[in-house]
Amino acid sequence: MGVSLADNDDDDDFGETHEINVTPFIDVILVLLIIFMVAAPLSTVDLPIDLPTSSATPQKKPDKPTYLSIKPDLTLAIGENPVHRAELIGTLDGLSDMSKDKYVFLRADRSVPYGELMGVMELLRSGGYSRVKLVALEGAPGAPAAGAAQP
């Protein structure tokens, strides 16, 4: 119950506050969230390819995979960019995040003949890209793959 008769208003104006203003932090987090929401769909390959199914155990995907796709019309694409067969190795060599010791993920449509698939794999091998993984859709373990002959 004390009364102060002194004029101490100057101390109140410039006194230290021990509060953290989190509004700018929340603003930055929301901007980053929007950036990632916009960028995430752009990092996938969206070529319409009818992949066969496989009951093999799925393997861990690397951070930046290089997808080589064989479309039903037998044209090739790296990611979503079309490439001619003659320019395939040169285009792979020109990619900044690609080296010959990294895996090339080969996606082929179900309707692509086996000979064409082997021809592309031979092109890769002759260019020094011997680490190739085949991409398929995940099937149920123990279930026959779609399109497989039933005994």
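By class, how many nonpolar, polar and charged residues does the lining of the second largest pocket have? The lining has nine nonpolar, three polar and four charged residues. Here Ala, Val, Leu, Ile, Met, Phe, Trp, Tyr, Cys and Pro count as nonpolar, Asp, Glu, Lys and Arg as charged, and the others, Gly among them, as polar.

Before going on, the conditions. This is a predicted model, in which local features need pLDDT of at least 70 and side-chain atom pairs count only at pLDDT 80 or more, while totals for chains, interfaces and linings use all residues. Residues are numbered from 1 along each chain as its sequence is written, and side-chain values use heavy atoms, with hydrogens and water left out.

Back to the pocket. Its volume is about 460 Å³, taken as the space filled by probe spheres set on the grid points, which are joined across faces, edges and corners. Of the 16 lining residues, Pro58, Gln59, Leu134, Val135 and Ala136 are the closest to the centre. Two elements give two or more residues to this lining, β6 (132–134) and β7 (137–138); strands are DSSP runs of E, at least two residues, and helices runs of H or I, at least four, numbered from the N terminus. A pocket is an open set of points on a 1 Å grid over the protein atoms alone, where a 1.4 Å probe fits, with protein on both sides within 12 Å along at least five of seven lines; lining residues have an atom within 4 Å of a point.

Next, the salt bridges. The count is three, with a side-chain nitrogen of Lys or Arg required within 4 Å of a carboxyl oxygen of Asp or Glu.

Arg85 pairs with Glu116 at 3.1 Å, N to O. Arg85 sits in the loop between β4 (81–83) and α3, and Glu116 in helix α4 (residues 114–126), so this pair ties together parts 31 residues apart in sequence. Arg85 is partly exposed at 29% relative accessibility, where partly exposed lies between buried, under 20%, and exposed, over 50% (1.4 Å probe, protein chains only). Glu116, at 28%, is also partly exposed.

Asp93 and Lys100 meet at 3.5 Å, N to O. In Arg125 and Glu122, the closest N and O atoms are 2.3 Å apart; both residues lie in helix α4, three residues apart, about one turn.

Last, Ile89, in helix α3 (residues 88–94). Leaving aside residues up to four places away in sequence, Ile89 touches Leu123, Leu124, Gly127 and Tyr129, contact meaning heavy atoms within 4.5 Å. The C-alpha atoms of Ile89 and Arg125 are separated by 9.7 Å.
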